[in-house]
Amino acid sequence: MAANGTGVSTPRSPLARIQTQKKGNEMCHDDSGKTVTAQTINELHSLQKKRSAPTTPLDGVQGAFASLTEGERQRQQLQSIRYTCTCNTETHVIVGSRDECLKLFQAASYLLPCAIFGLLTRNMSKFVKGDPERTILPVPNIILSKIIKLLLLFFCVDAELYEQAIKYEKGSFITSTGALATLSGAKTGRSPRDKRVVIDDTTQDELWWGKGSPNIEINEHTFMVNRERAVDYLNSLDKVFVNDQFLNWDPQNRIKVRIVSARAYHSLFMHNMCIRPTLEELKNFGTPDFTIYNAGQFPCNRYTHYMTSSTSIDLNLARREMVILGTQYAGEMKKGLFSVMHYLMPKRQILSLHSGCNMGKDGDVALFFGLSGTGKTTLSTDHNRYLIGDDEHCWSDNGVSNIEGGCYAKCIDLSGEKEPDIWNAIKFGTVLENVVFDEHKRQVDYGDKSVTENTRAAYPIEYIPNAKIPCVGPHPKNVILLACDAFGVLPPVSKLSLAQTMYHFISGYTALVAGTEDGIKEPTATFSACFGAAFIMLHPTKYAALLAEKMQKHGATGWLVNTGWSGGTYGSGKRIKLPYTRKIIDAIHSGSLLNATYEKTEVFGLEIPTEIEGVPSEILHPENTWTDKQAYKDTLLKLGGLFKKNFETFTNYKIGKDNKLTEEILAAGPNF
Ligand SMILES: Nc1ncnc2c1ncn2[C@@H]1O[C@H](COP(=O)(O)OP(=O)(O)OP(=O)(O)O)[C@@H](O)[C@H]1O
Ligand SMILES: O=C([O-])CC(=O)C(=O)O
Ligand SMILES: [Ca+2]
Ligand SMILES: [Mn+2]
């Protein structure tokens, strides 16, 4: 209780957040989207719908159903709910030992095939001590270790999740192309400063901690406090959604995950993003390898030790659990599981990668690395190639495999002409986050940033016509590093030596424009080790060593592609046209670029081709595109300096078995 007797203050509006972030802290950079500007939930909702004149008369039945007889209408309705079992909101509480409960759970899923059951476990200690609210549950005198709540609800076909979302989650609508438009609330991007990892005897030694690391420590006790909070919240609801799914298309390294969440939106999102089990696999699912408790609507308690805001995403590797409090941004689940893979896979000598991946007709595989917004999804989705995946992969001795079963595309300024496959994937079943649409026609305005610039579409990978199912492929031939250079000094494409590839992989550079706020014209450089510092769990050099080893072994060629500015910095120059970038990528895939004539640039020492089919030669050397040559030189040196400064932290580490490669990598950076 506060000393002045006024009690503990509560946030003024549901969207208010506590700002406790220290400026200039040592955390890895925040690549999450900006939070919304709306101050209240109603304001947020009003942003989503654009006013327009109604086009449909509201009285009388119109359209396809108008001419149906009642019998036909009923038949069609029945057909559409064929797969939906009756919702039984009654909660069946089974109390028993963990094993007994699991057995019952298994048996029940056999009795009702197709059903996914809600399953919640909670520590019984508090329960046994006697919470009057809870002792109403029958407690037979067997040794209790867990309570499991079976909710006979789930049968998560897309249609039912749509219905649940529309009925219970404000801001859910069906768009004109059939996608489910949703709002993620106050957070429209990830919150890397609120992502915490339990430090224990094992993780203390194994994980990367300290400067630059994404792992902010909490202790086991705090994790349990937050876990209890999340589970209590979920237990208080009429229903929870449970997804039992897989990660990783490599059958030998498949991970079973369970996601318990409160929103149909979250369930459909993960249904799309993770690998969907067959009915047979679901029946035999057994115990998951990892579980997420997503209580995102509910905040963490600010007075809990270690908490610095009302949001906390907590990872406990020993318990194989993650708890989410205070953010409904669905990407936290996707990228939270990616972090888990970044821990589990390297232990098996498998490299986990923040990259897109596709394969040509002849089986040539390319990886696309890059930070958020640099083009992984856009460029790996290529009508002339098979899509293996757009964002998260593993590279093992067997080749590459996608970790996910879906894609998560940026939608800002999306157009059907430039990105037809992504455009056409936005249909029934797709989750469309934080977009603005016409209130009557339900047509999405992809240019509208009113809710956020980070608008997204999450769809199953099968929605891309040339997806490669199963999503696996042979060893990569090309490793393409994407950087969206808003300084406009990096060449549109350069061929890299292995040491240069490693240098740029460890640097993980991109520069975007700070945002859409007035007056901000100056790009900010972002360095994020391994093009995904927010998700890696071990020291970056561990992943770098694995990449070097695999590239060497399989003879892959590295490339640096600037998908950003040309002809000047943001403000004076222009973003390189997507069709040109596609031509460049085509030349890499076909092998023609490997045999081109090259010249070397100053400062970065990059090899740039003099000619590429379909690309004006004058843009290949960035200096040509700048009218002010001095400004080009100054900007180049400025960026070179930023690279050097960033790399200082890595100069004391050894990469790989011998010092030779380490020395070569250090020499592969800008030289001036
Ligand atoms: N020359 C270009 N090359 C690639 N993308 C471009 C280019 N010009 C504009 N774009 C736009 O940049 C964006 C690239 O976003 P994309 O979804 O591919 O990012 P991503 O690397 O997959 O990021 P994330 O990891 O956040 O999903 C798209 O909106 C695309 O239309
Ligand atoms: O995780 C997200 O929110 C989107 C994404 O893919 C990234 O940022 O790399
Ligand atoms: Ca993407
Ligand atoms: Mn990503």
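**Ligand shells, helix packing and backbone features**

In this predicted model, nine residues surround ligand 2, and Arg190, Gly331, Lys335, Ser372 and Asp391 are the closest of them. Helix α10, spanning residues 331-347, supplies three residues, the largest share of this shell. Sorted by class, the shell around ligand 2 holds five charged residues, three polar ones and one nonpolar one.

Ligand 1 is surrounded by 19 residues, the closest being Ser372, Gly375, Lys376, Thr377 and Thr563. Two or more residues of this shell come from each of α11 (376-380), β20 (406-410) and α15 (578-590). Of these elements, α11 gives the most, with four residues. The shell around ligand 1 divides into nine polar, six nonpolar and four charged residues. Ser372 is listed among the closest residues for ligand 1 and also for ligand 2.

Turning to the helices, α7 runs over residues 220-235 and has 16 residues. From its first C-alpha to its last, α7 reaches 22 Å, close to the 22 Å expected at 1.5 Å a residue.

Helices α13 (residues 498-507) and α14 (residues 540-554) pack at about 150°, with their axes 10 Å apart. That angle makes α13 roughly antiparallel to α14, and the crossing of the two is right-handed. Helices α5 (residues 158-168) and α8 (residues 264-273) also pack at an angle of about 150°, here with axes 8 Å apart. These two helices are therefore roughly antiparallel to each other, but the crossing of α5 and α8 is left-handed.

Some backbone details are worth a look as well. Most residues other than glycine have a negative phi, and most peptide bonds are trans. The peptide bond from Ile469 to Pro470, however, is cis, with omega near -5°. Pro470 sits in the loop between β24 (456-460) and β25 (472-473). Arg442, although not a glycine, has a positive phi of about 60°. Arg442 belongs to the loop between β22 (436-438) and β23 (444-445), and is partly exposed, with 16 other C-beta atoms within 10 Å. Val603 is likewise not a glycine and has a positive phi of about 65°. The loop between β33 (598-600) and β34 (607-609) holds Val603, which is partly exposed, with 17 other C-beta atoms within 10 Å.

Key: Residues numbered from 1 in each chain as written. Chains lettered and ligands numbered in written order. Predicted model: local features only at pLDDT ≥ 70, side-chain atom pairs only at ≥ 80, totals over all residues. Near = placed C-beta within 6 Å. Nonpolar A, V, L, I, M, F, W, Y, C, P; charged D, E, K, R; others polar. Expected span 1.5 Å × (residues − 1). Axes fitted to C-alpha atoms, helices over the stretch in contact; angles between N-to-C directions. Parallel < 35°, antiparallel > 145°, perpendicular 65-115°, else oblique. Left-handed = near helix turned anticlockwise from the far one by under 90°. Buried ≥ 20, exposed ≤ 12 C-beta atoms within 10 Å, placed from the backbone.
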